[in-house]
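Subject: Structure handover

Hello,

Here is the structure you are taking over. Please open it first, then read the notes below.

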Amino acid sequence: MKKRVSGNSAKKRFRRFFTGIILMMVICISFGAFLVSAHEKTSADDTVYKYYKSIEIQSGDTLWAIAEDTMTDEYNSVAEYVQVLKDMNNLDSDNIQAGQNLIIAYNDSVLY
């Protein structure tokens with residue numbers, strides 16, 4: 001024989017279930033708000049995307065000329081960026097040859 005559940009008992013279970021769901025939602029929302037507030041907010045104008053591209057050296061190209069054309073604002077001088085290019089490409093000197101490939105870093109406003 002099945003026990004018959006009274007209307008009040010079913011209502012109590014529903015209230016407990018509903019209260020539990022609401023409590024879980026409040027906890028999740030609070031936790032999410034805490035995570036978001038832990039990060040520094042930046043405007044869309046502060047976002048800079050850095051890309052990497054392989055270029056083929058043409059006859060007459062120099063590492064310094066390529067550095068001048070592709071240098072981003074984060075570097076203080078062409079010499080600093082030349083060193084970065086040398087480090088990225090495992091170059092021991094400034095000498096590059098036509099036909100050689102070179103990896104360069106650029107942001108979305110500077111294209112070589």
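Start with one cut-off: a residue counts as buried when its relative accessible area is under 20%. Keep in mind too that this is a predicted model.

**Helix α3**

Which residues of α3 are buried? They are Y81, V82, L85 and K86. Seen down the axis of α3, these buried residues fall within an arc of 145°, so they line one face of the helix. The general rule behind such a pattern is simple. An α-helix has 3.6 residues a turn, so residues three or four places apart point the same way.

E80 also lies in helix α3. Its relative accessibility is 32%, so E80 counts as partly exposed. E80 and A67 are 13 residues apart in sequence. In space, their C-alpha atoms are 9.3 Å apart.

**Helix α2**

Helix α2 covers residues 63–70. Its buried residues include L63, I66, A67 and T70. They span an arc of only 100° around the axis, which puts them on the same side of α2.

**The core**

Which residues of the largest nonpolar core touch the most other members? This core has 15 residues, and the answer is L63, I66, Y81, L85, I96, L102 and I104. At least two core residues come from each of α2, α3 and β2. The largest share, 4 residues, comes from β2. In soluble globular proteins, nonpolar side chains tend to be buried together.

Take L102 from that list. Setting aside neighbours within four places in sequence, L102 is in contact with K53, S54, I55, I57, L63, I66, N89 and L91. Two of these partners, L63 and I66, are on the list with L102.

**The salt bridge**

How many salt bridges does a search of the whole structure find? It finds 1. The side chains of K86 and D94 meet in a salt bridge, with 3.1 Å from N to O. Are its two ends buried or exposed? K86 counts as buried because its relative accessibility is 14%. D94 is at 30%, so D94 counts as partly exposed. Note that K86 is also among the buried residues of α3.

N89 is found in the loop between α3 (78–88) and β2 (101–107). Its relative accessibility is 16%, so N89 counts as buried. Beyond its neighbours within four places in sequence, N89 is in contact with L102 and I103.

N90 lies in the loop between α3 and β2 as well. Is N90 buried or exposed? At 67% relative accessibility, N90 counts as exposed. Just after α3, N90 takes a positive phi of about 55°. That is a positive value in a residue other than glycine.

**The surface patch**

One nonpolar surface patch is on the list too. It is made by F14, F17, F18, I21, I22, M24, M25, V26 and I29. Its area is about 930 Å². Take M24 as one of its members. M24 sits in helix α1, residues 7–37. Its relative accessibility is 54%, so M24 counts as exposed.

Over to you.

Best wishes

Conventions: Residues are numbered from 1 along each chain as its sequence is written. This is a predicted model: local features need pLDDT of at least 70, side-chain atom pairs count only at pLDDT 80 or more; totals for chains, interfaces and linings use all residues. Side-chain values use heavy atoms; hydrogens and water are left out. Buried means under 20% relative accessible area, exposed over 50%, partly exposed in between (1.4 Å probe, protein chains only). Contact means heavy atoms within 4.5 Å. The arc is that of the directions from the helix axis to the C-beta atoms. Patches are made of residues with over 30% relative accessible area and no salt bridge: like charges are joined within 9 Å, nonpolar side chains (Val, Leu, Ile, Met, Phe, Trp, Tyr) within 5 Å. Accessible areas come from the Shrake-Rupley method with a 1.4 Å probe; for residues, only the protein chains shown count as cover. A salt bridge is a side-chain nitrogen of Lys or Arg within 4 Å of a carboxyl oxygen of Asp or Glu. A nonpolar core is a set of buried Ala, Val, Leu, Ile, Met, Phe, Trp, Tyr and Cys residues joined through side-chain atoms within 4.5 Å.
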